[in-house]
Amino acid sequence: MPFAITPHPDQRCRLLLLCLALLCCLTVPAASRADQGGTASAFFTAGKKSFQTGDFAQALTLFQQAQAAGLDKPALFHNMGVCHYRLGQYAAANKAFLRAATFPAMTALASYNLGLVAEKQGDRQAAIIWLQKVAVHAGEDDAKLVLLSRAALHRLQARQEGGHNWTPSVALGLGYDDNVALVDHDELTAASNRGDSFVDAFAFFRSPALNPAVGQDFFVQGSLSWRDYTDLHAYDTGSLRLEGRSHLNVSNLDLAGGLGYNYLSWDHAGYSQGPLVNLQAQHALTTGAAWRLRYEAKYHDILMADYEALQGWQHRATVEVFTTATDHRLLLGYTFEENNRQDHALSPRRHLLNASQEIHPLDRLSLTLGLGYQDSTYHQAGPDRSEDRYEASLLLSYALSSQWELSGHCRHTVNISSTPLYDFHRTITGLSLGYFF
């Protein structure tokens with residue numbers, strides 16, 4: 001016959017107290033975990049705000065507090081890695097990015113960042129290995145990340161192999177110009193008042209010239225461009241530019257400088273040639289932005305006898321402020337230009353203002369809006385000639401793959417001169433296809 005053990009009344013009280021104690025043990029930690037989750041989320045949100053303003057030290061402290069409160073997600077470790085990287089703490093950045101790489105959705109980006117960290121630590125071989133992993137783990141939405149990793153690989157491999165690897169790119173395009181003019185040579189140009197279609201081509205290369213020490217970079221680069229109109233061949237232009245440049249980082253100040261050669265053609269004949277000198281300094285600001293100073297001096301040795309009066313120097317000094325975010329960029333700039341030509345009446349002094357905003361509405365699509373203003377003054381024997389030029393531009397670029405890019409552009413220019421001969425309105429539209437080797 002089945003039977004049951006009936007507990008004594010005192011035992012019943014003990015059992016009841018034991019059950020209540022167990023219930024408290026189960027419910028109190030659950031509430032505690034919920035509270036910790038809210039605290040962790042608050043720390044993470046506050047950290048993101050400090051991160052966005054460029055206060056990476058404060059952001060890192062808040063992210064570490066979020067981790068201590070129990071937060072465990074890829075964005076946390078990625079952001080911690082970026083903070084360590086920006087603060088120059090490369091070993092800690094490496095550890096954080098390794099943790100982020102364990103999450104499949106973050107593996108490609110973390111691999112890219114691990115490559116950058118290894119490069120900063122002077123381990124180029126490890127950097128190359130990590131950058132090669134980006135394409136392996138990249139998804140359909142990582143086209144730009146793959147492009148960045150390829151560019152970094154080209155740079156590192158060229159250094160490792162003694163500077164024999166080049167990083168070229170080419171682009172071919174076509175378009176329509178509704179009022180053809182030689183704006184690049186505007187000291188002598190009047191608009192044609194005629195429209196014409198054109199084809200153009202552009203090529204660029206860059207290659208390290210030496211095996212540089214860590215923190216220094218010396219390389220050569222060059223560009224070649226050509227525009228050919230269907231009917232107005234007198235306005236066909238071309239250019240060739242070759243430079244040797246050196247980069248150096250001193251106390252977080254990026255310095256660059258170089259010497260080069262510039263050649264311009266017009267109407268299928270040489271127009272000018274000459275040396276050029278450029279200097280640059282750049283430094284990060286604490287608000288997620290940076291400033292940059294640039295100076296360029298270019299000598300125009302005029303090859304066409306009819307325009308020898310334009311021979312001489314052109315000097316340009318530019319100051320720019322721009323954001324450093326990867327998903328959007330804002331740039332504001334001012335340039336002062338001084339010309340010293342043989343004919344002082346053809347030696348304008350200019351002030352240029354420009355602003356551009358780059359955004360990425362889709363993963364593979366970038367959109368850049370630009371505005372510009374240029375004030376020119378020509379000191380002549382009679383009344384000075386003055387000109388105001390206004391420009392608005394739009395550029396759309398779409399990454400078809402890791403190597404192919406399709407771009408469309410439109411630029412509208414209005415030039416208002418005190419000499420009506422130089423007044424013109426002009427709109428250029430075009431489409432080009434680029435390939436990155």
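Modeller: Two strands pair if DSSP finds at least two bridges between them, and strands (E, at least two residues) and helices (H or I, at least four) are DSSP runs numbered from the N terminus. This is a predicted model, in which local features need pLDDT of at least 70, side-chain atom pairs count only at pLDDT 80 or more, and totals for chains, interfaces and linings use all residues. Residues are numbered from 1 along each chain as its sequence is written, while side-chain values use heavy atoms, with hydrogens and water left out.

Colleague: How many bridges join strand β8 to strand β9?

Modeller: Eleven bridges join β8 (residues 312-323) to β9 (residues 328-341), and these strands run antiparallel; Val319, for example, has Tyr334 in β9 as its bridge partner. On to strand β10 (residues 349-362), β9 is again joined by eleven bridges in the antiparallel sense, with Leu331 partnered by Ser356 of β10.

Colleague: Which strand pairs with β1?

Modeller: Strand β1 (residues 169-177) pairs with β14 (residues 424-436) over nine antiparallel bridges, and Gly175 finds its bridge partner in Gly430 of β14. Strand β14 is also joined to β13 (residues 404-417), by twelve bridges and antiparallel, where Gly408 is partnered by Leu431; a hairpin of six residues connects β13 to β14.

Colleague: Why is Gln58 called partly exposed?

Modeller: Partly exposed lies between buried (under 20% relative accessible area) and exposed (over 50%), using a 1.4 Å probe and protein chains only. Gln58 is called partly exposed because its relative accessible area is 35%, and this residue sits in helix α2 (residues 56-68).
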